[in-house]
Amino acid sequence: MSKLLVKGRQKLGGEVSVQGAKNSALPILAATVLAKGENVIFNCPCLSDVDASCGILRYLGCRVRREGGALLIDSAGVDRSDIPDSLMRKTRSSIVFLGAVLARTGRARLCFPGGCEIGPRPIDLHLKALRQLGAEIREEHGCLDCRAPYGLKGGRVALSFPSVGATEDIMIAAATASGTTTVTNAAREPEIADLADYLNRCGAHIYGAGEGVLVIDGVPSLHGALHTIIPDRIVAATLLSCAAVTGSELVLKGAVTSHLGAVLPVFEEGGCSLQSRDGDLKITAPHRLRSMRVVRTMPYPGFPTDAQAPLLAAACTALGTTVFVENIFENRYRHTGELIRMGASVKTEGKVAVIEGVPRLYGASVEATDLRGAAALVIAALAAEGKSTVSGVKYLERGYENLETVLSDLGAEIKKI
């Protein structure tokens, strides 16, 4: 098992390019099942979650190879409609293959997905929506047996919650359904618009992505296409947190500031100076952050739940008290116990965490149990006196591409052991 060894209290500096978005890459890879022919997906990050999706694609009959930062996927040979339990358990996002496989083959058999244990992420919205599009779904022994004997048909879908995964599943399934599908209360995340852009390049007719109401005019088939994945806004928020907690100055190349609309004001409230020019985002952090009062996670365009853990870690050494209210997932504070081992003052109750900033953290051996919690522990280690050992690197590698190398290039003393 790999660990990260971090020597804290080192200033960071320089420029760093923001990797492609994990939360765009995974649904787009699933959607290639529908796009017959060769697809070239540029700026696709090297992540274990991406590897898991590629494993599913290969099992289904696709040819997949990587050339540099691009993935080449040829889905002409898809000849399976089932996904084994061993592949489904590797990533929570594997559920988005349900709509793609069902639309391509008329049948899909798969088990419930795995992933980080950060609280219930029920797939009932996925199943209800697909049933409204004509799917017949049986649930038995933890597996789903789905059929569309007469093909999927467009319909009206009203989501009770703007679920990103359900919105993606519906978009993919409805792209080749007969008739028009309208989705109200659809998720508005930038990754939704990125998936729609890819599908439209493949010949789909999708309108309103990112606006809350989606209209999808089904087409008979999709073809392969070239697509470049957007920069990862959560990685950008993580790197901003790294700069903020170390009092550093960094330039993030390729960061899309419009995707960070709820994040940047929080850093400014903490005393950071932010400048955006020609696609670059420069952060200049004070010697010590100020508290950020109250941060509430919400569906986009609100503050993203995935950015909560990195920013909470930065708040541990801020001057004053910061309150976080987690409104998306109920187990998103599992990393706080490890932060306390490093000297942080954190109290949690239900969906609320109260952080009283301390002058300094201390190096310790800590263990991550989920993706964003792992990033939070690395951020805390960057600020801590002495050396820290961060275990659970496998979680970090689900969403961050060689983070230790990126931070080393910026001046951190960090290595994988």
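Which two cysteines form a disulfide, and how far apart are their sulfur atoms? They are Cys111 and Cys143, with the sulfurs 2.3 Å apart. This is a predicted model, where local features need pLDDT of at least 70, side-chain atom pairs count only at pLDDT 80 or more, and totals for chains, interfaces and linings use all residues. Residues are numbered from 1 along each chain as its sequence is written, and side-chain values use heavy atoms, with hydrogens and water left out.

**The disulfide**
- A disulfide here is a pair of cysteine sulfur atoms within 2.5 Å, and the count comes to one.
- The link of Cys111 and Cys143 is right-handed, with 50° about the S-S bond.
- Cys111 sits in strand 8 (residues 107–111) and Cys143 in strand 10 (residues 143–147), so the pair ties together parts that are 32 residues apart in sequence. Strands (E, at least two residues) and helices (H or I, at least four) are DSSP runs, numbered from the N terminus.
- Both Cys111 and Cys143 are buried; that means under 20% relative accessible area, while exposed is over 50% and partly exposed is in between (1.4 Å probe, protein chains only).

**Cysteines to compare**
- Cys46 is in no disulfide, and the nearest cysteine sulfur, in Cys44, is 7.7 Å away.
- Cys46 has 39% relative accessibility, so it counts as partly exposed.
- Cys272 has its closest cysteine sulfur in Cys242, but at 12 Å that is too far for a bond.
- With 6% relative accessibility, Cys272 counts as buried.

**The second largest pocket**
- Its volume is about 320 Å³, meaning the space filled by probe spheres set on grid points, which are joined across faces, edges and corners.
- A pocket is an open set of points on a 1 Å grid over the protein atoms alone, where a 1.4 Å probe fits, with protein on both sides within 12 Å along at least five of seven lines; lining residues have an atom within 4 Å of a point.
- There are 17 lining residues, and the closest to the centre are Arg9, Val245, Thr246, Gly247 and His287.
- Helix 8 (233–246) and helix 12 (371–383) each supply at least two residues of this lining, and helix 8 gives the most, with three.

**A charge over a ring**
- Arg80 lies over the face of Tyr59, 4.2 Å from the ring centre. The rule asks for NZ of Lys or CZ of Arg within 6 Å of the ring centre and within 35 degrees of the ring normal.
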